[in-house]
Amino acid sequence: MRVAVVGATGAVGRELLLILQQRDFKLDDLRLLASERSSGMKIPFGGVELPVETLDEKRFDGVDLAFFCVEADVSKRFVPVALERGAFVIDKSSAFRLKPEVPLIVPEVNLDSIGKSRLVANPNCSTIILVVAVAPLLRKFGIRRIVVCTYQAASGAGSAAMSELKSQTEEVLKGGEPKPVVFPHPIAFNLFPHIDSFLENGYTKEEMKMVDETKKILGDKRILISSTCVRVPVFRAHSEAVHIELKQEASVEEVRAVLEKAEGVSLMDKVEENLYPTPLFASGKDKVFVGRIRRDLAFKNGIAMWVVSDQLRKGAVLNAIQIAERVFNKKKKQRGGK
Ligand SMILES: NC(=O)c1ccc[n+]([C@@H]2O[C@H](COP(=O)([O-])OP(=O)(O)OC[C@H]3O[C@@H](n4cnc5c(N)ncnc54)[C@H](OP(=O)(O)O)[C@@H]3O)[C@@H](O)[C@H]2O)c1
């Protein structure tokens, strides 16, 4: 397997390299690609230092699998090139997610939707975390509506944003007044309901990604979804307060029993012991953690819960690697395991 990682120097790209090693992903060749800014850089991988090459069209020759960990404009330009040169592509940007012909995949939920497509889109990080937790409830009880408020870590905006949280925190503690560069406001000791740009309907692009992508992944356009996305001064792992109106009545115990068995979910729900998930706990872990399951007091058949997951792992990289593992293991089986 010859693999290319486009955006290998970014927050998602570096996490991808880490998880490829942790999961012992079978590789014959690994090509690290980034912008000209990273030319000459070397990144350690499996005991050697691999050079970072500048992205251009020729870099995809002979590549079997390309992970795109770059912004949508770069993906829009280079994904078609990688496909044309024969690679299977998993794109983590928003460039192709809502195209009807491109499967938008969370393996625990809709792996079968991949079909024969050689391009698979990886959903938005907050969306992945949400659907892993709600899809089992949809299957068992049906869902009429979801209201979700997110508390998103700085690293969700990339490695420069993570550095901004760190440097601003240090500066404020020294009595300074840091100027925001990546974010629209100071992020240290602050939060703001503003992730990605504002749209005409008053929602942000991030909020509408959660609405539109969730419907596509769950395969049900009739579910009513509304979201508010908030950036918080946390380094890693997104949290979500999720309120659901089920179609069918279900007790809190029944919901808990379904989530206890759900793939990719880990229950942490013992309030009498102060046990519920937090971003610090979820950081570096693979599961979507669910706690504070209780009756929602505003919806008929309502359930409220608190969901936390590391958005760089399950929300981005792990999801993509799970897709690759399943696709390429299937191909291997079809070739008789060779
Ligand atoms: N961060 C998250 O939690 C998260 C979660 C899910 C999805 N995503 C998505 O994943 C993608 C990457 O996000 P990130 O957080 O990793 O961003 P990031 O930390 O800012 O990294 C961006 C990467 O893109 C590369 N790049 C930028 N312009 C390029 C160009 N013209 N040609 C080639 N490479 C270029 C950068 O290379 P240089 O270092 O050379 O500039 C860097 O490797 C985005 O689409 C984002 O929306 C992020």
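Colleague: Where does Val102 lie?

Modeller: Val102 lies in the loop between β6 and α3, where helices (H or I, at least four residues) and strands (E, at least two) are DSSP runs numbered from the N terminus. This is a predicted model, in which local features need pLDDT of at least 70 and side-chain atom pairs count only at pLDDT 80 or more, while totals for chains, interfaces and linings use all residues. Residues are numbered from 1 along each chain as its sequence is written, and side-chain values use heavy atoms, with hydrogens and water left out.

Colleague: What makes Val102 buried or exposed?

Modeller: The relative accessibility of Val102 is 5%, and buried means under 20% relative accessible area, exposed over 50%, and partly exposed in between, with a 1.4 Å probe and protein chains only; Val102 therefore counts as buried.

Colleague: How do you know whether Glu101 is buried or exposed?

Modeller: Glu101 lies in the loop between β6 (88–91) and α3 (107–110), and because its relative accessibility is 56%, Glu101 counts as exposed.

Colleague: Which label does Asp29 get, and why?

Modeller: Asp29 has 32% relative accessibility, so the label is partly exposed.

Colleague: Why is the pair of Glu15 and Arg313 called a salt bridge?

Modeller: The term requires a side-chain nitrogen of Lys or Arg within 4 Å of a carboxyl oxygen of Asp or Glu, and the side chains of Glu15 and Arg313 meet at 3.4 Å, N to O. Glu15 lies in helix α1 (residues 11–22) and Arg313 in helix α9 (residues 313–334), so the pair ties together parts that are 298 residues apart in sequence. Glu15 counts as buried because its relative accessibility is 7%, and Arg313 is buried too.

Colleague: What else is Glu15 linked to?

Modeller: Glu15 belongs to a network of salt bridges with Arg236, Asp286, Asp310 and Arg313. The side chains of Glu15 and Arg236 are also joined by a polar contact of 2.9 Å, a term for a pair of N or O atoms within 3.5 Å; within protein, one must be able to donate a hydrogen and the other to accept it, and residues adjacent in sequence count only if both atoms are side-chain atoms.

Colleague: Which salt bridge does Lys26 form?

Modeller: Lys26 pairs with Asp24, the closest N and O atoms being 3.4 Å apart, and both residues are exposed. Arg31 and Asp29 also meet in a salt bridge, at 3.8 Å, N to O, and the structure holds 20 salt bridges.

Colleague: What makes you say that the ligand lies between the domains?

Modeller: Domain 1 (2–123 + 316–334) and domain 2 (127–311) both give residues to the shell around the ligand, so the ligand lies between them; the domain bounds come from an automatic or database domain assignment.

Colleague: Which polar atoms lie by the oxygen atoms of the ligand, and at what distances?

Modeller: A polar side-chain atom of Thr9 lies 2.5 Å from an oxygen atom of the ligand, a polar backbone atom of Val70 is 2.7 Å from one, and a polar side-chain atom of Gln311 lies 3.1 Å from one. The protein covers 81% of the 900 Å² of accessible area that the ligand has on its own, by the Shrake-Rupley method with a 1.4 Å probe.
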